[in-house]
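Please look over the sequence and the structure below before reading on.

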Amino acid sequence: MTEVVHTPRVFSGIQPSGGLTLGNYLGAMKRFVDMQNEGIETIYCMVDLHAITVWQDPDKLRRATRELCAGYIASGLDPAKSILFNQSQVAEHTQLAWIFNCVARMGWMQRMTQFKDKAGKNAQNASLGLFGYPALMAADILVYHATHVPVGEDQKQHLELTRDIATKFNHDYGVEFFPITEPVIEGAATRVMSLRDGSKKMSKSDPSDMSRINMTDDADAIAKKIRKAKTDPEPLPSDVDGLEARPEARNLVNIYAALSETSVEQVMRDVGGKEFSAFKPMLAELAVEKMSPISGEMARLMQDETEIDRILAEGAGRARAIAAPILKKTYEIVGMVGA
Ligand code: AMP
Ligand code: TRP
């Protein structure tokens, strides 16, 4: 069978399930903007249907969805260049997800570490949606025949599952229909860690607000959190190897490299040997310079909800125009009458 070549198309999504962090920004959003500006077709989603796999207050969900859209735009996504929309407005995602529920195997899903982490000890009480979540994620991507997916390190396993689902579908139906999507996990900060504990991921769900920089934090809050970030007593090493077994130092250096768009090696050459008391103010200044304009712009955009809703509706229309024919073709392949 001849290999079908799919034109490059980028898809990614973030859950509107509360505040956005510096981890989301460096691991995902900033990369979304880079890919948009490379001139590739880019589709970015606010995955509200994923968010409700754990309980969400409806008013807060609406607000978080709009705030995420504001965050996308404030970070540099341009609704004229990228397609921006919330998942629930394009029903094709859930329609394809059902088909993928019938392709994915129980054993594959049971291996997903994010499910195990999120379900915790009481997995019997987790929603069926939380368990099936990665099949919906595969549908989000494949309903556009997306070829590249920028994400943080924590999503790697879900993207491998997406490839497994595409491969099994193509094999079972004897077609070369779905692309085998490439994860794009790049940059110095694919896994930003908590500012209080270098072994834990920076997360919006951490009970301590001091553990993270929120995209809505003002300059004072950003500077204070960096000043108080956990470190060790040694000065910074002069090369990357010296960061081994120093997770907090490594994290701050990674953040510095990602914000200043240089490599970790370069940062080590510039700041190696400095005490944290000298490095932290440099990092705080850089973080404030890069992040506080974004929080200011988010606040401004949030004042006009009608405009945000208009952008989402317009993006949904453009998304549907791509997804509908791909879903129709999938139904035909599967044997649905009337497709
Ligand atoms: P979520 O907030 O879980 O929906 O994640 C949205 C995107 O942000 C995904 O691509 C994640 O991999 C990325 N992300 C979330 N937290 C971090 C982090 N601490 N470091 C790097 N990337 C992250
Ligand atoms: N699972 C992703 C997360 O928790 C969010 C997500 C849903 C996603 N669908 C996606 C990311 C499709 C990339 C592509 O962060």
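How many aromatic pairs does a search of the whole structure find? In this predicted model, the search finds twelve aromatic pairs.

**Aromatic pairs**

- A pair of aromatic rings is described by the distance of the centres and the angle of the planes.
- One of the aromatic pairs is formed by Phe-100 and Phe-169, whose rings lie 6.5 Å apart from centre to centre, with 70° between the planes, and this arrangement is edge-to-face.
- This pair links distant parts of the chain, since Phe-100 belongs to helix H4 (residues 92-101) and Phe-169 to helix H8 (residues 156-173), with the two residues 69 apart.

**Polar contacts and cover of ligand 1**

- Asp-154 places a polar side-chain atom 2.4 Å from an oxygen atom of ligand 1.
- Gly-152 uses its backbone instead, with a polar backbone atom 2.8 Å from an oxygen atom of the ligand.
- For Gln-15, a backbone N or O atom lies 3.0 Å from an oxygen atom of ligand 1.
- On its own, ligand 1 has 480 Å² of accessible area, and the protein covers 92% of that area.

Note on methods: Residues are numbered from 1 along each chain as its sequence is written. Chains are lettered from A and ligands numbered from 1 in the order in which they are written. This is a predicted model: local features need pLDDT of at least 70, side-chain atom pairs count only at pLDDT 80 or more; totals for chains, interfaces and linings use all residues. Side-chain values use heavy atoms; hydrogens and water are left out. A polar contact is a pair of N or O atoms within 3.5 Å; within protein, one must be able to donate a hydrogen and the other to accept it, and residues adjacent in sequence count only if both atoms are side-chain atoms. Accessible areas come from the Shrake-Rupley method with a 1.4 Å probe; for residues, only the protein chains shown count as cover. Rings of Phe, Tyr and Trp (its six-membered ring) pair if their centres lie within 6.5 Å; planes under 30 degrees apart count as stacked, over 60 as edge-to-face and the rest as tilted. Helices (H or I, at least four residues) and strands (E, at least two) are DSSP runs, numbered from the N terminus.
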